[in-house]
Amino acid sequence: MANPFTWGKRKTSNERDYFSAAIYSSRPASIITEEQAMQIPAVKAAVDLISNSISTLPVYLHVENEIDQSIEKVKDSRVNVLNHDSNKFDTAQAIKRKIVVDYLLHGVAYLYRKDGNLHHLPAKNVQEVPYTEDDITPSKKEFIYNGMSTVTLEESEVIVIDSATYGALVGGGKIFVQASHQIDYSTSLLSNSAVPSGLLKSASRLTDKAIKNLRESWDSLYQGLSKVGKTIILEEGMDFQPLSMKPDEMGLKESNKHIVSEIARVFNIPESLINSQANKYNSLEANNISFLQNTLTPIITAIESAFDKQLLTDTEKQLGYFFRFDTSEIIRTTEKEKIETVSAALNKSLISFNEARTKLDMKPASTDYYVLSIGNALMNIETGSLTIPNMGVVDNKQVVNATNENGIEKQQNNSNE
C-alpha cells in the first residue's frame with residue numbers, strides 16, 4: 001500500500017469551545033490498587049496468561065477483494081509499528097502487553113500517537129473529559145494525562161481501547177481483597193505461630209509480670225519456623241493444651257480453592273489454566289480453543305476495532321481495509337494432529353499441495369496441484385449434467401419427461417454432445 005503512515009498533529013493553542021459544556025462522569029473507586037492486586041498469585045497468573053498470549057500475536061492489515069471476497073494481506077508501515085518497534089524505547093510486544101493489562105484491570109487502555117510511533121499511557125493516569133453541545137451526546141473529548149506534569153491531549157492523539165466496563169479492580173475488587181487478606185493471614189500464621197500451638201495453663205494465679213515473662217520466654221524458645229518441632233519443657237504446675245493448626249482443619253485449603261475459582265470467573269478464563277486440578281478438558285487443543293473463544297476473542301476484537309477506527313482513513317474503511325490478529329499460534333496442535341488436519345484439507349481439495357507444505361513450514365515444490373478423488377462426480381441440480389473433474393469429462397445429458405403413445409409418462413435423456 002502506497003499511503004504513508006501519518007498521524008494527527010497536536011494543537012499548540014489551548015483554545016477550547018466554550019459553547020460546549022463538560023460532562024463530568026466519575027468512575028467507581030476501586031477498593032484495591034493495581035499493585036496490591038498483582039501481588040495475589042492467582043490474579044497475576046491470570047493477567048500474565050491473557051496479556052502474554054495476546055502480546056505475542058502478530059496483527060496484520062488486510063483488505064477484502066470486492067470481486068471474489070477473498071482476503072489479502074497489505075504491506076504497510078503501520079504493520080511494523082504494531083508488530084516490531086512501536087517507538088524508540090518500546091517493542092510492539094511490550095506495548096500490546098501493557099494495553100491488555102490496563103484493559104483487564106481498569107477496563108480501558110490508552111495509546112499516545114506521536115511522529116508515527118505509539119506510546120502507552122497508563123490508564124490510572126488518564127482522565128477523559130467529554131464535552132456536549134446538546135446535553136445528550138458528546139461533541140468532543142479531551143484526555144488529561146497526569147505524568148511528570150499534567151498534559152491535555154486531543155482526540156486525534158489518543159487511541160482508546162474500551163471494554164465498556166470498569167475493569168477487574170472494580171468488578172472483582174471484593175474477591176481480590178479477600179484473597180489479599182487470606183495471604184496476609186497465612187503469612188502471619190506461618191511466621192509468628194509457635195509450633196505446636198496451644199494454651200498454657202497454670203495451677204496457680206500468675207501476676208502480670210509473671211505472665212509477661214512467661215510469654216517472652218515461650219516466644220523466644222518456640223516461636224518461628226526455625227524452631228518447629230522443638231521439645232517443650234514445662235515448669236512445675238504448668239500444663240499445655242495443643243490446638244489444631246492443620247490447614248485442612250482450619251479450612252484454608254478449601255477457602256483458597258474457592259478464591260482461585262472466583263478469580264478465574266472474574267477474568268473469564270478456564271480455571272484449569274491457573275489450577276491444574278480443575279482441568280475438565282481431555283486435550284490441550286480443546287482447552288486452548290475454549291480460552292481463545294471465551295477469553296481472548298472479546299479483547300482481541302476490541303483492540304482490532306480501536307485500530308480500525310483510529311488508524312485507518314475514511315477511504316481505507318470504504319475500500320474494505322481492516323486489522324486482524326493472527327490467532328493460529330494459540331490453537332497450535334501437536335505435530336501429529338497438525339499433519340492429520342493438513343492432510344485432510346489437501347485430500348478434500350480445500351488447499352493445494354504447496355499450501356499444505358507451507359502450513360507444515362516446508363519449502364514449496366516446483367509444481368503445485370490439487371488432489372482430486374476419482375470416486376466423486378459433480379451433478380448440476382438444475383440440468384442433471386455430470387462432471388468428473390479428475391478425468392476432464394463433462395456429460396451434458398438433460399433429463400426430460402415425455403409421454404408415450406399409451407399416455408404413460410417416461411423419462412428420456414437428451415444428450416448435447
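Visitor: How many helices and strands does the protein chain have?
Guide: We're looking at a predicted model. The chain runs to 417 residues, of which 32% count as buried. As for helices and strands, the count is 13 helices and 17 strands.

Visitor: In what order do the three strands of the open sheet stand?
Guide: Start from the pairings. β4 (residues 108-114) is joined to β5 by five bridges, running antiparallel. β4 also pairs with β9 in the antiparallel sense, again over five bridges. That gives the order β5-β4-β9.

Visitor: Which strands stand at the edges, and why is one side of each left without a neighbour in the sheet?
Guide: Strands of a sheet pair through backbone hydrogen bonds. Here the edge strands each have a single partner strand, so one side of each has no neighbour in the sheet. Those strands are β5 (117-121) and β9 (158-162).

Visitor: Which residue in β9 does Y110 stand opposite?
Guide: Y110 is a handy place to look at both pairings. On the β5 side, Y110 stands opposite L121, while L111 has H120 as its bridge partner. On the β9 side, Y110 stands opposite V160.

Visitor: Which residue in the turn of the β4 and β5 hairpin has a positive phi?
Guide: The hairpin leaves two residues between its strands.

Visitor: How many of the seven residues of β4 are buried?
Guide: Buried here means under 20% relative accessible area. By that cut-off β4 is largely enclosed by the rest of the structure, because the buried share of its seven residues is six.

Visitor: Which helix packs on the sheet?
Guide: Look for one that touches β4, β5 and β9. Its direction makes about 145° with that of β4. It spans residues 92-106, and it's helix α4.

Visitor: Are α2 and α4 parallel or oblique to each other?
Guide: The axes of α2 (residues 41-55) and α4 come within 8 Å and cross at roughly 140°. Angles over 145 degrees would count as roughly antiparallel and 65 to 115 as roughly perpendicular. The crossing is right-handed, and the two helices are therefore oblique.

Visitor: How many residues of the contact of α2 with α4 are nonpolar?
Guide: From α2 the contact includes V47, I50 and I54, and from α4 it includes V100, V101 and L104. Charged residues take part too, among them D48, K96 and R97. The contact divides into three charged, four polar and, for the nonpolar group, seven.

Note on methods. Residues are numbered from 1 along each chain as its sequence is written. This is a predicted model: local features need pLDDT of at least 70, side-chain atom pairs count only at pLDDT 80 or more; totals for chains, interfaces and linings use all residues. Side-chain values use heavy atoms; hydrogens and water are left out. Two strands pair if DSSP finds at least two bridges between them. Helices (H or I, at least four residues) and strands (E, at least two) are DSSP runs, numbered from the N terminus. Contact means heavy atoms within 4.5 Å. Axes are lines fitted to C-alpha atoms, for helices over the stretch in contact, and angles run from 0 to 180 degrees between N-to-C directions. Angles under 35 degrees count as roughly parallel, over 145 as roughly antiparallel, 65 to 115 as roughly perpendicular and the rest as oblique. A crossing is left-handed if the near helix is turned anticlockwise from the far one by less than a right angle, and right-handed if clockwise. Buried means under 20% relative accessible area, exposed over 50%, partly exposed in between (1.4 Å probe, protein chains only).
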